[in-house]
Amino acid sequence: MIRIQFSVTAKYSAGAVRKFRGITLVEVVASIALAGTLLSMVLLAGGQHLRQMKFAEAKRVANDLLNQFVSQWSVSGFSVTGVEDAVQRTGLIAMGEYGRFEPEREVSSALKLRIRIRSLGKSGLSNHERVRLTVVRYLPRTGEQKLCWAEVLVRRQL
């Protein structure tokens, strides 16, 4: 058993001197309540920090894969037929306005990342259109979550 004991001497206006020993029950309960509040705040903040770290890591991985995809697609001059080659080289599933493309080899990623391809219409250049590539992942409870995106100019097929 731990016993906390200290002595305080107090002088009252009447001149009487009293000696106090120990801590009152109210002080003990108040300190436990304060410690519990601080502990719960630390635990909540720690959980939020872990979620933010996981999301930041997913965004980093998605950004790397998007860079690889754009790099591989640029080899074909951003032609529509080059999407399939970029999918095979990066291992990502691409879907959107040019069709659905799946890699031949299975990608071992727990993130389940996919690339959505969507045309944004004509660009200022003739025979080109703006295309947005968005990397998304699917979460069980919330559904699709956008992680990063890029826009490229694609030559239209005549």
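## Ground rules

Two strands pair if DSSP finds at least two bridges between them. Helices (H or I, at least four residues) and strands (E, at least two) are DSSP runs, numbered from the N terminus. This is a predicted model: local features need pLDDT of at least 70, side-chain atom pairs count only at pLDDT 80 or more, and totals for chains, interfaces and linings use all residues. Residues are numbered from 1 along each chain as its sequence is written, and side-chain values use heavy atoms, with hydrogens and water left out.

## Overall make-up

The protein has two helices and seven strands. From the N terminus, the order is β-β-α-α-β-β-β-β-β. Of its 158 residues, 25% are buried (under 20% relative accessible area; exposed is over 50%, partly exposed in between; 1.4 Å probe, protein chains only).

The protein exposes about 11500 Å² (Shrake-Rupley method, 1.4 Å probe). Carbon and sulfur atoms supply 57% of that area. Contact means heavy atoms within 4.5 Å. Among contacts between residues at least 6 apart in sequence, 31% join residues at least 24 apart.

## The strands

Start with E3 (93-96) and its neighbours. E3 pairs with E5 in the parallel sense, over four bridges. E3 and E4 make a hairpin with two residues between them.

E5 and E6 (residues 128-139) are antiparallel and joined by nine bridges. Gly121 is bridged to Arg130 in E6. This hairpin has five residues between its strands, and Asn127 in the turn has a positive phi of about 60°. E6 then pairs with E7 (residues 143-155), antiparallel, over twelve bridges. Arg132 has Glu151 of E7 as its bridge partner. Three residues lie between E6 and E7 in their hairpin.

## Helix H2

H2 covers residues 82-90, and Gly82, Val83, Ala86, Val87 and Thr90 in it are buried. Seen down the axis, these buried residues fall within an arc of 145°, so they line one face of the helix. The arc is that of the directions from the helix axis to the C-beta atoms.

What do the buried residues of H2 pack against? They pack against helix H1 (25-75) and strands E3 (93-96), E4 (99-101) and E5 (113-122). Just after H2, Gly91 takes a positive phi of about 80°.

The whole structure holds two aromatic pairs. Rings of Phe, Tyr and Trp (its six-membered ring) pair if their centres lie within 6.5 Å; planes under 30 degrees apart count as stacked, over 60 as edge-to-face and the rest as tilted. Phe69 and Trp73 form a tilted pair, 6.2 Å centre to centre with 55° between the planes. They are four residues apart in H1, so about one helical turn separates them.

Trp73 and Phe78 form an edge-to-face pair, 5.4 Å centre to centre with 80° between the planes. Phe69 and Trp73 are both buried, and Phe78 is buried as well.
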